[in-house]
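I opened my notebook to look at a few side chains and to write down what surrounds them.

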Amino acid sequence: MLECRGVSKTYRLKDRAVAALREFDLALPPGSFTVLVGPSGCGKTTALRLLAGLETPTGGTIARSAGDTRVGYVFQEPRLMPWLSVARNVGFALEGRMAKPEIAKRVADILDVIGLHDFAQARPDQLSGGMASRAGLARALVTKPELLLLDEPFAALDAMTRRRLQSELVTLWQCFRPTIVFVTHDIEEAVLLGDEIFLMENGLIAERFANPILRPRDPTDPEIVRLRRAIIAGFEAGEARKTRTPKESTQ
Amino acid sequence: MKRLFAAGPIWPLVAVFIVAIWAAGVSLTGVSRALLPSPVLVADAMRELIDDGVLAKHVRVSVVRLVWGFALSTALALIVAFAFARVALLRRIVEPPLEFLRQIPPLAMIPLLILWLGIGEAQKIGIITLACFFPIFLGTTGGIAQCDPKLIEVGRVSGLSETEILRRIVLPSALPSVVIGLRIALGQGWRALVGAELVASSAGLGYMIEDAQNLARTDIVVVGVIVIGTLGLATDWLFRRAIAAAWPWVRVEHGAETHA
């Protein structure tokens, strides 16, 4: 169980404070699939970075259940080390933590699952965008994370590759059952992936949507379409509020 | 320079052309052999120096000095650069005096180094170390500063300690500019070495040139010049080959920066 209570993050720019995240409450049961969706600048990436420990909150608490929770993080860009082979990139977090043969086995297994088996010895610059994204995903999965954080991992990919990786991610989640927090600005992606969807605006959670629709989900399914409409409506209501109270809300 | 070793067939032609102009110039103007000996005389002198082992001795002495100075300054520069990256306070204390020292040409330090280290090997190696240190140090510092913070974050989320991040992410990503520093240092080291050997020395290529000048043996001076240039090119070439083999992701530029 991962719980955020009243978490806030304020960045100081020269003469003013910018609240990137305010009063952020989130409770993640183990094995849940949560999506944070919102326009850029809404604080969704900040929330993810706080969960990963890449930033420290200005206020509030983030509590993880006891034990050393293994966290996997997938960045917006693949962020592979250009000097390492795909296999060594994928095993990056394991090196020095366990015996070499064990690392090799884990890496080979995950490369099989993710479909990069034939590219284990390739250099990152020899991969296509989709393959590099897969490698980034494999690197996060190889530690068998209990918490998997993904920051718009497929945003830069073409629509077809994105669709395939989305369904692969769902399959992987169904196999390993990590707790997933997935950040995206794409409402369709949010609805296809998440069981709980948080619409974010101006550093706040504006609205929460439960998504009980069974998988595999079809983007043209009427229920999916209805949920998308609801999220869009929530977003537009927020935009309307914002134009009534210009800028005060970010201070 | 760019195609010198890559495309092969051009540089021998250039060499032949230069030697031909040299030979023609000498025979047409009838210039004194004390001013500029002909290629044939230089070749004779070189054969003589090779046969009696004198050249080999001087080359060995010079190369050993260079290797020591280069290795010493590489170790020092890497240690200091990474210590700076790790401890900001250390950097703020040590950087100003280092920057001061950097402004002084190593050859200007020869008198002091002779006083402190004598006229033996320590003084020669000291000069080379001084000359090599700053290119390597600046290359490493620059490479560390330019490390992509996004890759460092990968280390953070992978649970790496600060030291591991330095060793496994910052060092490899700094390597290309470390390599540029090393190549510049190698060139600077050669210059400083020959300079040091011109003063208070009894062996080495610089000494050989100095001694030949005193004996009015211009042919030997020219041999020395050719040998130094060739050895410089050869070490740089070997160096690039070694780097290409050890770190294939580092793209090594050809030419130019060795003489920067």
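I first looked up the side chains of E189(A) and Q166(A), and found them joined by a polar contact of 2.7 Å; I kept in mind that this is a predicted model. I placed E189(A) in helix 6 (residues 187-193) of chain A. Leaving aside residues up to four places away in sequence, I noted that E189(A) touches F154(A), R162(A), Q166(A), F182(A) and T184(A).

I then asked myself: is E189(A) buried or exposed? I found that E189(A) is buried and yet has no salt bridge, since the nearest side chain of opposite charge, R162(A), is 5.1 Å away, and a salt bridge needs the two groups within 4 Å.

Next I turned to the rings, and the count came to eight aromatic pairs over all chains. For F33(A) and F182(A) I noted centres 6.5 Å apart and planes at 40°, so I wrote the pair down as tilted. This pair links distant parts of the chain, with F33(A) in strand 3 (residues 33-37) and F182(A) in strand 7 (residues 179-184) of chain A, 149 residues apart. I found both F33(A) and F182(A) buried.

Because they are four residues apart in helix 6 (residues 121-145) of chain B, F133(B) and F137(B) are separated by about one helical turn.

Key:
Residues numbered from 1 in each chain as written. Chains lettered and ligands numbered in written order. Predicted model: local features only at pLDDT ≥ 70, side-chain atom pairs only at ≥ 80, totals over all residues. Heavy atoms only, no water. Helix = DSSP H or I, 4+ residues; strand = E, 2+ residues; numbered from the N terminus. Buried < 20%, exposed > 50% of the residue type's maximum accessible area, 1.4 Å probe, protein only. Lys, Arg positive; Asp, Glu negative; His and termini not counted. Polar contact = N/O pair within 3.5 Å; in protein donor to acceptor, adjacent residues only side chain to side chain. Contact = heavy atoms within 4.5 Å. Phe/Tyr/Trp six-rings, centres within 6.5 Å; stacked < 30°, edge-to-face > 60°.
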